[in-house]
Amino acid sequence: MAKKTKRRKEIKRKLLHKYRLVILNESTFEEKISFKLSRLNVFVTGTLAAIGLIAFTTLLIAFTPLREYIPGYSSTALKRQATELTYKTDSLVTVLNYTNRYIDNIRKVLSGDIENNKMNRDSVFEPFKLDPSQIDLNPIREDSALRAQVALEDKYNLFERTAFDGSILLYAPLIGNLSQGFNPDEKHYAVDIVAATDSPVKAVANGRVIFSEWSAATGYVIIIEHKDGLLSVYKHNGSLTKEQGDIVHTGEVIATVGNTGELTTGPHLHFELWKNGSPVNPLNYVDFN
């Protein structure tokens, strides 16, 4: 026990024993600076200095561009670019899917390849049926004002107006006799209008040309996209006067009557109307007489 106590006192004495560090002028031996040191304060000071140096180096690398020079560490610009490319890729995939569906609809319009699905309409509207006795049918002020505004707009609209059954009255693309009508059972989603060769074919409404090319089966074809999901299709034309991307107006000449394509039977216009991806009877929208 006495040895241990003596040993502890010896260690304490060595740690606290004072030493003097003197800096002298080599030529004159003049004392410039002197420090009183002990082993304990040298150890503590060195440890704190090492910890401070490590902390400073870590902060310098973590929060300054110097970290980009460390092998294996990606730069901030590269990370930002990778994030932007990820967002762009996701957007391009969405646009690609939408474009593929759009092209598929156009292909169906050109080929007439569509299923004539029949369904029970009553089963569709059954969940939305309401009890009239529980509904207040008295018109409100806003409804009356809207009706008056719509009526005033329709009064001065020469080419397009809302019909009583909710359809749209369109401008006749061609005046002539109908040789074949709309018949979904035979996959004839159009009406054929007989007319003299080179007679002008006109746009049924304002819109944008989304297709204007030659096809082996139907000859010169032009397709116009209108508002409210409506497409008008003109086939077997003799020539086309509009190109893809052109803006056309109601009654503007877009083609001439012809007899082009393998499926034609003489000079006529094969006219189709599609609404929201489904064929509709053009006779419900256009007066060809």
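A nonpolar core is a set of buried Ala, Val, Leu, Ile, Met, Phe, Trp, Tyr and Cys residues joined through side-chain atoms within 4.5 Å. Buried here means under 20% relative accessible area, exposed means over 50%, and partly exposed lies in between, with a 1.4 Å probe and protein chains only. This tour concerns a predicted model, in which local features need pLDDT of at least 70 and side-chain atom pairs count only at pLDDT 80 or more, while totals for chains, interfaces and linings use all residues. Residues are numbered from 1 along each chain as its sequence is written, and side-chain values use heavy atoms, with hydrogens and water left out.

**The whole chain**

Begin with the entire protein in a cartoon view. It has 5 helices and 14 strands; these are DSSP runs numbered from the N terminus, helices being H or I of at least four residues and strands being E of at least two. Of its 289 residues, 25% count as buried. The protein exposes about 21,100 Å², of which carbon and sulfur atoms supply 59%; the area comes from the Shrake-Rupley method with a 1.4 Å probe.

**The nonpolar cores**

Next, select Leu170, Tyr234, Ile254 and Phe271. These residues have the most contacts inside the largest nonpolar core, which has 26 residues. To see which elements give two or more residues to this core, colour β6 (191–194), β9 (219–225), β10 (230–240), β12 (253–257) and β13 (268–275). In soluble globular proteins, nonpolar side chains tend to be buried together.

Now centre the view on Phe271. Leaving aside neighbours within four places in sequence, Phe271 is in contact (heavy atoms within 4.5 Å) with residues including Pro173, Ala190, Val204, Tyr234 and Phe288. A second, separate core has 9 residues, among them Ile106, Val221, Ile223 and Trp274.

**Thr256**

Move to strand β12 and select Thr256. Is this residue buried or exposed? Thr256 has a relative accessible area of 15%, and therefore counts as buried. Beyond its neighbours within four places in sequence, Thr256 is in contact with Asp198, Ser199, Val201, Asn237, Gly238 and Ser239.

**The salt bridges**

How many salt bridges does a search of the whole structure find? It finds 3, a salt bridge being a side-chain nitrogen of Lys or Arg within 4 Å of a carboxyl oxygen of Asp or Glu.

Select Arg208 and Glu225, whose closest N and O atoms are 3.0 Å apart. This pair links distant parts of the chain, with Arg208 in strand β8 (residues 207–215) and Glu225 in strand β9, 17 residues apart. Arg208 is partly exposed at 37% relative accessible area, and Glu225 is partly exposed at 27%.

Then select Lys235 and Glu272, which form a salt bridge with closest N and O atoms 3.1 Å apart. Lys235 belongs to strand β10 and Glu272 to strand β13, and the two are 37 residues apart. Lys235 has 3% relative accessibility, so this residue counts as buried. Glu272 also counts as buried, at 3%.

Finally, select Glu252 and Lys242, where the closest N and O atoms of the salt bridge are 2.5 Å apart. Glu252 lies in the loop between β11 (247–248) and β12, and Lys242 in the loop between β10 and β11, 10 residues apart. Glu252 counts as partly exposed at 23% relative accessibility, whereas Lys242 counts as buried at 17%.
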